[in-house]
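Work through the exercises below with the sequence and the model side by side, and try each task before reading its solution.

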Amino acid sequence: MSLLSLISPRNLRLALLSLGALVFLAPYIWMLSTAAKSREEIFSSSLSLWPHHWALWENLGKAFSRVPMLQLLFNGVFVCALIFFVQVVIAIPCAYAMAKLKFRAAQTMMTLVMLGLLVPIHATALPIYVALNKTGMLNSYFALSAPFFISVFGIFLFLQFFRAMPDDLISAARLDGMSEAAIVSRVIVPNAWPAVTAFAIFSVVAHWNDLFWPLIVVTSTERATPPLGLLFFRAAEAGDDYGALMAATLVVTLPLVAAFLAAQRRFIEGITLTGLKG
Amino acid sequence: MSEIAAVITGPSGQSPARQAAARAAKREERVAWQLAAPAIMLILLLVLLPTLAVFVFSLTNYELGYDDFQFIGFENYAELFGDRTFLISLKNTTLYTAIVAPLSVLIGLGVALLIESETRGRAFFRTAYFLPVASLLVAMATVFQYLLHPTIGPVNAILSMLGIAGPNWLGSSSTVLISLAIIGVWQSVGFNMVLFLAGLTAIPRELYAAAQVDGAKSSWERFRLVTWPMLGPTTLFVTTISIINAVKVFETVKTLTEGGPNKSSEVLLWTIYQEGFVYLRVGYASAMTVIFLAVLIVLMILQYRVVDRKVHYA
């Protein structure tokens, strides 16, 4: 095989994709490599990826001892779970009423939802902050989660999903004498599972990664979420102990990345839902 | 239910069956209200009321910590357009968006086309390019801080091997916005790629065959005649989202530069954050927020307009 025959369009495509993938993955490669290097090595040879002297445990130890890393992770999980739970409990009954019941206000509700989709948290943050400040509720789990208790996007998503559900299912349940509330919890929710998981991924990714709102309402490490905690950690370390910093980075990035690698298709579906939100 | 009643009694009779149907409809309406009530209340409380409050605040000189405030009309807005920081902030946000949005759309499209036409390693490539979307941006920004470090960073180490003296990426006012834009592109390409991949699979194969029969021989011709026009709605959609997300840049700025050096990475949300939540000038920051919201709404309206006019194939 001559060298020229290697340069086919197919191989060129593959080479281009591989090069791009390498560029996109480079930050992860260096994150792992730097998290395992000692301080001296980071300052002397930044291009050798394999550490001479393994310092991963040492760096992880620093990350866990200088900030309450477990507390941060717990805060992140707790706040995301709370937000998601309330969002679903509020949005599903509302979407059901709009999609499947004779509800004269459904049209007005739709307008409300569309308006709500236009307004990001950045626009409502100031008044909500003022209200939380006046009532002395800053620095709490409630302050972290309350603005997100309503997800107009969730209503919109479930509405689309419920509209496609067959009416027979609901009529049959009614003939069995089920109340509307029971229909929602025992017929609608079990059948809406794909929409619920997609929304779960959408919601958790958005709030696990959010920095804007936690930065505004939380000033103490006890209630900080992982992104905020990482900023505190960096400030405390004066930002130049890159080994420990990368170890901390690794710890806070890993949960979602691991979940993503385990359930890729669902993740891609769930995150691209943000597209609909526009 | 009401259809059955109508069949039994005819359209105008007020028979007991019809009354029962009316009662059932009324009951259903009441249940609907009950089910929707919590959502309605929360939308009012957490979305509409705060949005209104921002408008009202923007007409006052309210500062947190001082209890009395006056209505000052449009003075805040007048002040905004003489405020150097705000104007720099607008300019930087526009510049950042002008770099990030087109690049992330084009690279996203390019990667999607390459993956679509390549059978080897599809799943791997999709994962690799999408990984940044699923990663914690604040965390990855600190990784970039290390990568772009002027003295110990690998990027400048590679450049110096090639004999180029690398710039002080995030530390110099001439390169900081570009550095942030690189991170922004890196983070958003995967998202656009996935939307384009979905758009590509929706194009019927027969169209390509038909184009070939009509003499579209090269793959460029097929792209120009089939793929590009058929992707129109997707492209418009992806472009709008990319612009909106770029206008909302905040995380990387807060993590890496805090608007510096010398305000050269001052962007809209960062300026609002500083004025409103650090200096606590609620009234003034509200006026900025109104401008920010207006920008988003104009972008949305533009998108709807274009959708209505251009990109319909039905």
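**Exercise 1. Find what share of the contacts in chain B, between residues at least 6 apart in sequence, join residues at least 24 apart.**

Solution. Begin with the rule that two residues are in contact if their C-beta atoms, placed from the backbone, lie within 7 Å. Among the contacts of chain B between residues at least 6 apart in sequence, 67% join residues at least 24 apart.

This is a predicted model, in which local features need pLDDT of at least 70 and side-chain atom pairs count only at pLDDT 80 or more, while totals for chains, interfaces and linings use all residues. Residues are numbered from 1 along each chain as its sequence is written, and chains are lettered from A and ligands numbered from 1 in the order in which they are written.

**Exercise 2. Describe the secondary structure and the spread of chain B.**

Solution. Next, the radius of gyration, taken over C-alpha atoms, is 27 Å, well over the 20 Å that the globule rule (2.2 Å times the number of residues to the power 0.38) gives for 314 residues, so chain B is more spread out than a compact globule. Finally, its C-alpha atoms fill a box of roughly 95 × 75 × 35 Å along the principal axes.

**Exercise 3. Locate the kink in helix α2 of chain B.**

Solution. Take the bend at a residue as the angle between axes fitted to the seven residues ending there and the seven starting there. In α2, which covers residues 16-57, a kink of about 45° lies at B:Ala36, shortly before the proline B:Pro38.

Definitions and conventions: Helix = DSSP H or I, 4+ residues; strand = E, 2+ residues; numbered from the N terminus.
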